[in-house]
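Subject: Structure handover

Hello,

The structure we spoke about is below. My notes on what was found in it follow.

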Amino acid sequence: MRVKTGVPGLDELLGGGLPRGSCTLLSGKCGTGKTILAMQYIVKGITDYGEPGVFVSFEREPEALCEDAKGFGWHLKLLENQKNLELMGDSLDRITSFGKKVGANGENMITEIVEVVREKEAERLALDGLAQFSAMFPNPLAFRSGLARMQRELGKLGCTSVWTSEVDEGKEGLGRLGVEEYVADGVIVLCYERGGLTRNRTLEVRKMRRTGHSNHLSFFEISEGGIRIVKPGENGPPKKRVQGE
Ligand SMILES: Nc1ncnc2c1ncn2[C@@H]1O[C@H](COP(=O)(O)OP(=O)(O)OP(=O)(O)O)[C@@H](O)[C@H]1O
Ligand SMILES: [Mg+2]
């Protein structure tokens with residue numbers, strides 16, 4: 001069973017969509033489109049496929065997320081009011097200081113997230129900001145085993161998740177701690193690379209357990225409607241000048 005991503009052209013690269021119950025890392029440097037893709041997955045899941053979703057951010061508060069999403073015509077408040085969407089989150093400093101106050105940690109947070117997914121009967125979950133989330137764990141091994149537990153529990157619930165993970169500029173690797181890409185069932189790498197005077201957005205399915213997938217880079221674009229894959233043979237990626245060049 002496949003879960004449609006809601007990103008035009010992406011399901012074809014994944015052999016039909018994300019395997020149900022799997023978790024996929026969206027990996028990339030800053031500004032590569034991770035948050036937009038994660039949000040599009042949740043919003044389109046609700047509006048196009050009738051699948052309730054939970055969006056957890058470790059960077060932005062729900063009000064700010066709602067404002068960001070409006071730029072793409074996605075009305076998160078409305079989806080929340082219809083009980084199809086649960087927005088959770090805050091900036092990390094506020095999460096951690098609240099966590100300290102109530103004695104909560106990363107493990108409690110996972111329990112809470114899984115509980116919300118269960119209660120809402122959510123079929124989709126997006127977790128935005130794994131690097132920040134990792135700060136709630138005492139060490140990389142604890143983070144890795146926490147992610148593995150979450151993966152297992154979400155899988156049992158049949159909830160299909162995407163987790164965004166930042167890669168630092170100038171660094172190799174698929175996640176900041178070097179553990180998340182091993183736990184995740186799939187990894188999609190987003191890039192915004194310079195070629196001459198322009199930058200091109202590309203996406204690559206780097207890993208996807210239990211399925212064959214595309215083995216080439218695809219151009220994609222971000223516009224008012226969100227993200228879409230540019231088909232081979234379309235007039236190449238949109239050329240945009242990089243400011244300051
Ligand atoms: N309406 C739009 N039209 C075209 N491009 C847009 C639009 N809105 C945002 N973008 C592009 O998307 C980028 C931001 O994408 P997003 O926030 O998903 O990145 P990110 O990978 O989550 O970054 P970070 O790691 O900093 O959180 C912007 O820098 C801009 O280039
Ligand atoms: Mg982001």
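Two strands count as paired if DSSP finds at least two bridges between them. With that in mind, I188 has V205 in β9 as its bridge partner. The strands β8 and β9 pair in the antiparallel sense, over ten bridges. Please note that this is a predicted model.

Overall make-up

The protein chain comes to nine helices and eleven strands. Its radius of gyration is 17 Å, close to the 18 Å that the globule rule gives for 245 residues, so the chain is as compact as a globular protein of that length. Along the principal axes, the C-alpha atoms fill a box of roughly 55 × 40 × 35 Å. Of the 245 residues, 42% count as buried. Among contacts with a separation of 6 or more, 70% are between residues 24 or more positions apart.

The sheet

Nine strands make up an open sheet with mixed pairing, in the order β5-β4-β6-β7-β3-β8-β9-β10-β11. The edges are β5 (85-89) and β11 (226-229); each has a single partner strand, so one side of each is left without a neighbour in the sheet. From one strand to the next, the twist averages 20°.

Helix α2 (residues 34-49) packs on this sheet. The strands that α2 touches are β3 (23-28), β4 (53-57), β5, β6, β7 (160-166), β8, β10 and β11. The direction of α2 makes about 160° with that of β6. Helix α6 lies across β4, β5 and β6, and runs at about 160° to β4.

The α6 and α8 pair

How do α6 and α8 run relative to each other, roughly parallel or roughly antiparallel? The axes of α6 and helix α8 (residues 140-157) come within 10 Å and cross at roughly 10°. Angles under 35 degrees count as roughly parallel, and α6 and α8 are therefore roughly parallel to each other. On the α6 side, the contact is made by G106, E107, I110, V114, V117 and R118. On the α8 side, the residues are F143, G146, R149, M150, E153, L154 and L157. By class, the contact of α6 with α8 has seven nonpolar, two polar and four charged residues.

Individual residues

Most residues other than glycine have a negative phi. Two exceptions to look at are given here.

E121 is not a glycine, yet has a positive phi of about 55°. E121 sits in the loop between α6 (106-120) and β6 (124-128). Is E121 buried or exposed? A residue is exposed if 12 or fewer other C-beta atoms lie within 10 Å of its own; E121 has 11 and is therefore exposed.

R210, also a residue other than glycine, has a positive phi near 70°. The loop that holds R210 is the one between β9 (198-208) and β10 (218-223). R210 counts as exposed because it has 10 C-beta neighbours inside 10 Å.

R194 belongs to strand β8 (residues 186-195). With 10 C-beta neighbours inside 10 Å, R194 counts as exposed. R194 and A135 are 59 residues apart along the chain, and their C-alpha atoms are separated by 31 Å.

Regards

Note on methods. Residues are numbered from 1 along each chain as its sequence is written. Chains are lettered from A and ligands numbered from 1 in the order in which they are written. This is a predicted model: local features need pLDDT of at least 70, side-chain atom pairs count only at pLDDT 80 or more; totals for chains, interfaces and linings use all residues. Helices (H or I, at least four residues) and strands (E, at least two) are DSSP runs, numbered from the N terminus. A residue is buried if 20 or more other C-beta atoms lie within 10 Å of its own, exposed if 12 or fewer, and partly exposed in between; C-beta atoms are placed from the backbone. Axes are lines fitted to C-alpha atoms, for helices over the stretch in contact, and angles run from 0 to 180 degrees between N-to-C directions. Two residues are in contact if their C-beta atoms, placed from the backbone, lie within 7 Å. Angles under 35 degrees count as roughly parallel, over 145 as roughly antiparallel, 65 to 115 as roughly perpendicular and the rest as oblique. Ala, Val, Leu, Ile, Met, Phe, Trp, Tyr, Cys and Pro count as nonpolar, Asp, Glu, Lys and Arg as charged, and the others, Gly among them, as polar. The radius of gyration is taken over C-alpha atoms; the globule rule is 2.2 Å times the number of residues to the power 0.38.
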